[in-house]
Amino acid sequence: MSAIEALRKSLSVSSEDLSSEDKKKTAVEAITRILDALGKGVAPFGEWEQRCLGAAIIALRSSKFDEARSFARRAIWPEENRRNSGVARLPLRPGMLSLAELAHELETARKLPPRGKPRTVE
C-alpha cells in the first residue's frame, strides 16, 4: 500500500458520533496530516489541493467540522474520482495558495472559538 493510500484509509474513520469539539479536533488533524503529507511529496500539490484545503479551512472557521474534514479528504482523492466533484467551483483563496500559507491559516482557524459563542478579548 502506498503512503497516499495509507493516508486515505487512515482518514476514512467516521466522525458521526463525536462531540462538536472532537469533530473539530478530527478535522484539524485531517487537514494537518494532509498538509504534512503534501509537504513531504506524498502527492503533488496543485490547484486541486489548494481549492480543497482552502475550502476545508473556511469550513473549519465556520464551525462546519464534518464539511471541513470532507473537503480536506478530497485533496487526496485519486485522480479518477476528481472529474465531477464540484471542486472547480471552489475559488482559489489569496493567502491560501502555498502549503505554508495554508498551514498558517489552519493554525489561525484552529484557535477560533466555535461559532455562536461570544469571543472574549484577552
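This is a predicted model: local features need pLDDT of at least 70, side-chain atom pairs count only at pLDDT 80 or more; totals for chains, interfaces and linings use all residues.

User: Is S63 buried or exposed, or something in between?

Analyst: Burial is read from relative accessibility, where values under 20% count as buried and those over 50% as exposed. S63, at 23%, therefore counts as partly exposed.

User: How does one judge the length of a helix such as α2?

Analyst: The span between the end C-alpha atoms is compared with the span expected at 1.5 Å a residue. Helix α2 has 20 residues and reaches 28 Å, close to the expected 28 Å. Just after α2, G41 takes a positive phi of about 80°.

User: Which residues of α2 are buried, and what do they pack against?

Analyst: The buried residues are K23, K24, A27, V28, A30, I31, I34, L35, A37 and L38. The buried residues of α2 pack against α1 (3–10), α3 (47–61), α4 (65–74) and α5.

User: How should I read the angle between α2 and α4?

Analyst: An angle under 35 degrees counts as roughly parallel. The axes of α2 and α4 lie 8 Å apart, and the helices pack at an angle of about 15°; α2 and α4 are therefore roughly parallel to each other. Their crossing is left-handed. On the α2 side, the contact is made by S20, K23, K24, T26, A27, A30, I31 and I34, and on the α4 side by F65, D66, A68, R69, A72 and R73. Sorted by class, this contact of α2 with α4 has seven nonpolar, two polar and five charged residues.

User: How are α2 and α5 oriented to each other, and why?

Analyst: An angle over 145 degrees counts as roughly antiparallel. The axes of α2 (residues 20–39) and α5 (residues 99–111) come within 11 Å and cross at roughly 165°, so α2 and α5 are roughly antiparallel to each other. Helix α2 passes α5 in a left-handed crossing.

User: Which residues of α2 and α5 meet, and what are their classes?

Analyst: From α2, K24, V28, I31, T32, L35, L38 and G39 take part; they meet L99, L102, A103, L106, A109 and R110 of α5. By class, the contact of α2 with α5 comprises nine nonpolar, two polar and two charged residues.

Definitions and conventions: Residues are numbered from 1 along each chain as its sequence is written. Side-chain values use heavy atoms; hydrogens and water are left out. Axes are lines fitted to C-alpha atoms, for helices over the stretch in contact, and angles run from 0 to 180 degrees between N-to-C directions. Helices (H or I, at least four residues) and strands (E, at least two) are DSSP runs, numbered from the N terminus. Angles under 35 degrees count as roughly parallel, over 145 as roughly antiparallel, 65 to 115 as roughly perpendicular and the rest as oblique. A crossing is left-handed if the near helix is turned anticlockwise from the far one by less than a right angle, and right-handed if clockwise. Contact means heavy atoms within 4.5 Å. Ala, Val, Leu, Ile, Met, Phe, Trp, Tyr, Cys and Pro count as nonpolar, Asp, Glu, Lys and Arg as charged, and the others, Gly among them, as polar. The expected span of a helix is 1.5 Å times one less than its number of residues. Buried means under 20% relative accessible area, exposed over 50%, partly exposed in between (1.4 Å probe, protein chains only).
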